[in-house]
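Subject: Structure for you to look at

Hello,

I am passing on the structure below for your use. My notes on what turned up in it follow.

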Amino acid sequence: MLFRVNTIVVAVCFLLLLMPQSFAEAATHVEVSVDQLNIRSAPGTTSQIVGTITKSTRLAIIAQQKEWTQVKLANGKTGWVLNKYVKMLDIPQIKYVKSNVDMLNVRAEPNTTAQILQIIDKNGVFLQVKKQGEWVQLKLSDKANGWVNARYVTETAAPAPKPTATPTPTVPVTPKPPVTGNGQPLGTIVLPEGYEVYVEPNILSNAIGQLNGGTTINHYGYANGWYKVSFNGSYAYIFKPVVQAEPGQELPTDLPSTQNPGAGQAEASIRILNADTNLRVGPGTDYNVVGTVQPGQVYPIVQTVGDWYVIRLADQSTAYIASWVVESVQPAGHPTPGSNSSGVGYNSGMVGNEKVYIYHTHNRESWRNVASNTKGTSVDDPVTNITLVGKRLGELLQTSGIQTMVNRDDFAQKLAEQKKSFSMSYTESYKAVSAAASTSPNLQYFFDIHRDSDEPRSTVALTINGKTYSRILFVIGTANPSYLENKKLAENLHARLEALYPGLSRGIILKGTNEGNGVYNQSISDGALLLEFGGTNNTLDECYNTAEAFANVFINYMLESQIAIK
């Protein structure tokens, strides 16, 4: 009898081993494990290909059928992938909970004898970090977690964001339509920040230099957003800087907004992409939040103000919503100019449990030995560029268990499509960064990876034990009010690099608005850094080596941080 029972147990275990992973585990997402994977309209290799996705992209599972899995794409549509080309992931869903008793102890460990950290009541709403047996871990603040017994909490909706003081709206000021001259200056402009100088009024033309913030220059005409200026003895162009009035100077106006459509004219609408998207009283993230909307909801556009829409709600009231967290829905026969028909916005493939976000504001930065564009000050390439380094770093962190999102948006192309200048790069990349922070509340670290300018190899290359690296430089923007916290993280990682790879770090530099952007999107988090991986005279392989070294240091930092918290 005992022999029969043992035989049955062995047989059951053997069958479990033979079961496909998708059935053996309750997977919630897939992650692509090949460089490119076809998405098909139905399960089967002969069905229509409706798209392709790249390696490491993660998509939510809708259904499974034998060797195939149906997934939800970033544009809201669905498709099928072959299981052998993906990894199955069990990713916990984001949950918020609140106490169902008046006084609930929050403890340091999941047991009744652990230290009480605080007591919560029925009014608080907390993010559930994880569940362990009968205990639930809550996020108490940005730096502290605590445990409560699961039977004393109830799942609830996400909390409404805290309102902020409402600033007084300012009218954007832009120049008048084209003006022609006879070689004499037509006026002066003051540059509030640095601007790239181009040989032609086209962002994809060669950049021949830069004008620093605070510079006052003469202009010789304006057309389609471009100023004609004198640069090194010849005419050149900069794109639409903000004008600052001199005493007695008349400010031209051209408000960037579109009014209500006329009677009988079809209205354009927007569709919400993310959960709990904020509605605000004005066109900016500093304005008060007046409510939230949910994915799939559609609202008509009343007006467009810069990067913000004024939409009409069901009760006929209006509110502002950011354009980068929605997709346009045009009436029949009215396509959106320059729109992407797929409806894919920023951060394609993002799941919502990531802790690290990697992106590249200057995504086409390349190296002299491979770049297709090396004219003037440009060393750029649309394919072989710094994004490959970010991809390698993301793969290394992901392999080590650190959930990481690597942004693949082509910010240079997005600027060109909008006829915006290179100096607007951080404004453009912030849209993706902000959208990522809204999608994943667990995000702590934002790494903007660049390569430095034309520095000699003696400055940017280093050989350690026969292996050559591109030296890494930390850049901190002092216009960020909490930049000292970002600087602390940079100092910690710099010290760790020095200990394991002496000389690999070039140190930390502080930059204000007189030297560039000044913030570099670092106000999004105390864990936001700008990292310069070498310069134009390094190679891609040297930057790959540095990505491995930085990943090694950062993984150890994360492990020690978790131990310290526990």
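β29 and β30 run parallel and are joined by three bridges. Within this pairing, Val356 stands opposite Thr404 of β30. Please keep in mind that the model is predicted.

Both strands belong to an open sheet of six strands with mixed pairing, in the order β30-β29-β31-β36-β34-β35. Its edges are β30 (404-406) and β35 (505-511), each of which pairs on one side only. On average, neighbouring strands are turned by 25° against each other, with direction ignored.

Two helices that lie across the sheet:

- α5 (residues 425-439) lies across β29, β31 and β36, and runs at about 160° to β29.
- α7 lies across β31, β34, β35 and β36, and runs at about 170° to β34.

α5 has 15 residues and reaches 22 Å between its first and last C-alpha, close to the 21 Å expected at 1.5 Å a residue. Its buried residues include Tyr426, Glu428, Lys431, Ala432 and Val433. The cover over the buried residues of α5 includes β29, α4 (411-417), β31 and β36.

For α3, the 13 residues should span 18 Å at 1.5 Å a residue, and the end C-alpha atoms are 18 Å apart, so the two agree. Buried in α3 are Val389, Gly390, Leu393, Gly394, Leu397 and Gln398. These residues lie on the same side of α3, because they cover an arc of only 165° around the axis. An α-helix has 3.6 residues a turn, so residues three or four places apart point the same way. Just after α3, Gly401 takes a positive phi of about 90°.

Which residues touch the most other members of the largest nonpolar core? They are Leu397, Phe447, Leu493, Leu529, Phe533, Phe550 and Phe554, in a core of 38 residues. At least two residues of this core come from each of β29 (356-359), α3 (387-399), β31 (445-450), β34 (472-477), α7 (483-500), β36 (528-533) and α8 (540-565). α8 gives the largest share, twelve residues. Leaving aside neighbours within four places in sequence, Leu397 is in contact with Val356, Ile358, Ile402, Thr404, Ala551, Phe554 and Ile555. Another core, of 22 residues, lies apart from that one, and Tyr299, Trp308, Tyr309 and Tyr320 are among its members.

Regards

Definitions and conventions: Residues numbered from 1 in each chain as written. Predicted model: local features only at pLDDT ≥ 70, side-chain atom pairs only at ≥ 80, totals over all residues. Heavy atoms only, no water. Core = buried A, V, L, I, M, F, W, Y, C linked by side-chain atoms within 4.5 Å. Buried < 20%, exposed > 50% of the residue type's maximum accessible area, 1.4 Å probe, protein only. Helix = DSSP H or I, 4+ residues; strand = E, 2+ residues; numbered from the N terminus. Contact = heavy atoms within 4.5 Å. Pairing = 2+ DSSP bridges. Axes fitted to C-alpha atoms, helices over the stretch in contact; angles between N-to-C directions. Expected span 1.5 Å × (residues − 1). Arc of directions from axis to C-beta.
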